[in-house]
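Hello,

Here is the structure I promised to pass on. Please have a look before you read my notes below.

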Amino acid sequence: MPRILIVDDEPEMLRGLEDNLQFEGYQTVTAGDGKKGLALALSEAPDLILLDVMMPGMSGWDLCRELRQRGLDVPVIMLTARGEELDRVLGLELGADDYVTKPFSLRELMARIRAVLRRPGPRQKFEEFAFATVRVHLRARQAFKGGHEVRLTRKEFDLLRYLVEHPGEVITRDRMLDEVWGYERFPTTRTVDTHILRLRQKFEDDPERPAHILTAHGQGYRFVTERSAT
């Protein structure tokens with residue numbers, strides 16, 4: 001069964017989650033603070049991390065950011081008493097896969113865990129892709145423009161990979177949210193526009209007149225390797 005790392009500074013919450021997950025048949029590893037959680041995430045290779053946000057020292061946000069910067073692509077479900085939209089967006093922007101607000105029902109949490117664990121990763125039809133002066137290494141999760149590495153967040157890379165794997169196809173914002181973010185009730189499609197803008201700034205020679213990441217007005221976006229002559 002999958003191994004789940006639980007990181008929470010509340011001992012009762014930690015024990016309760018561990019008991020219930022083990023009852024459901026999952027293997028568990030626990031940490032009472034962010035630094036120990038980071039060490040276990042790197043050493044234990046969990047299949048999923050349940051991560052409390054509000055912890056002293058290294059917060060859940062800090063831990064999630066550190067994991068993604070280190071290239072660890074393990075799914076993360078954030079647990080928090082904060083339910084404001086900006087907090088949810090921040091967690092997802094940092095690379096979390098889902099967000100559960102305390103208090104939550106165990107039935108809901110288990111359903112979300114199962115959904116995240118069975119979610120397929122982005123399709124890898126090839127290990128390397130190139131357009132213009134850009135080279136994208138899918139397995140290594142690296143991108144280069146003109147021979148220089150371009151730093152990308154986890155979701156920026158996921159979106160870039162999704163675009164290059166669907167060349168010429170018009171993709172709606174809702175479809176991107178569903179297939180890249182995997183979060184059916186994401187609060188706003190504006191996050192797609194923000195990520196598209198960032199990708200254009202990093203890879204287009206002229207972000208104001210993009211040649212590859214194009215807008216399909218009234219529909220969504222389309223990726224092309226070469227812009228057609230007009």
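What follows is a short account of the salt bridges. Keep in mind that this is a predicted model.

The structure holds 17 salt bridges.

Start with Arg3 and Glu44. They form a salt bridge, with the closest N and O atoms 2.9 Å apart. Arg3 lies in strand β1 (residues 3–7) and Glu44 in helix α2 (residues 34–44), so the pair ties together parts that are 41 residues apart in sequence. Arg3 has 25% relative accessibility and therefore counts as partly exposed. Glu44, at 30%, also counts as partly exposed.

Next, Arg68 and Asp97. Their salt bridge has its closest N and O atoms 3.5 Å apart. This pair, too, links distant parts of the chain, 29 residues apart. Arg68 sits in helix α3 (residues 60–69), while Asp97 is in the loop between α4 (85–93) and β5 (98–101). Both Arg68 and Asp97 are buried.

Then Glu156 and Arg198. Their side chains meet in a salt bridge at 3.7 Å, N to O. Here the link runs between two helices: Glu156 is in α6 (residues 154–164) and Arg198 in α8 (residues 190–203), 42 residues apart. How accessible is Glu156? Its relative accessibility is 2%, so Glu156 counts as buried. Arg198 is partly exposed, with a relative accessible area of 29%.

Last, the network. Salt bridges link Asp8, Glu10, Asp52 and Lys102.

Best wishes

Note on methods: Residues are numbered from 1 along each chain as its sequence is written. This is a predicted model: local features need pLDDT of at least 70, side-chain atom pairs count only at pLDDT 80 or more; totals for chains, interfaces and linings use all residues. Side-chain values use heavy atoms; hydrogens and water are left out. A salt bridge is a side-chain nitrogen of Lys or Arg within 4 Å of a carboxyl oxygen of Asp or Glu. Helices (H or I, at least four residues) and strands (E, at least two) are DSSP runs, numbered from the N terminus. Buried means under 20% relative accessible area, exposed over 50%, partly exposed in between (1.4 Å probe, protein chains only).
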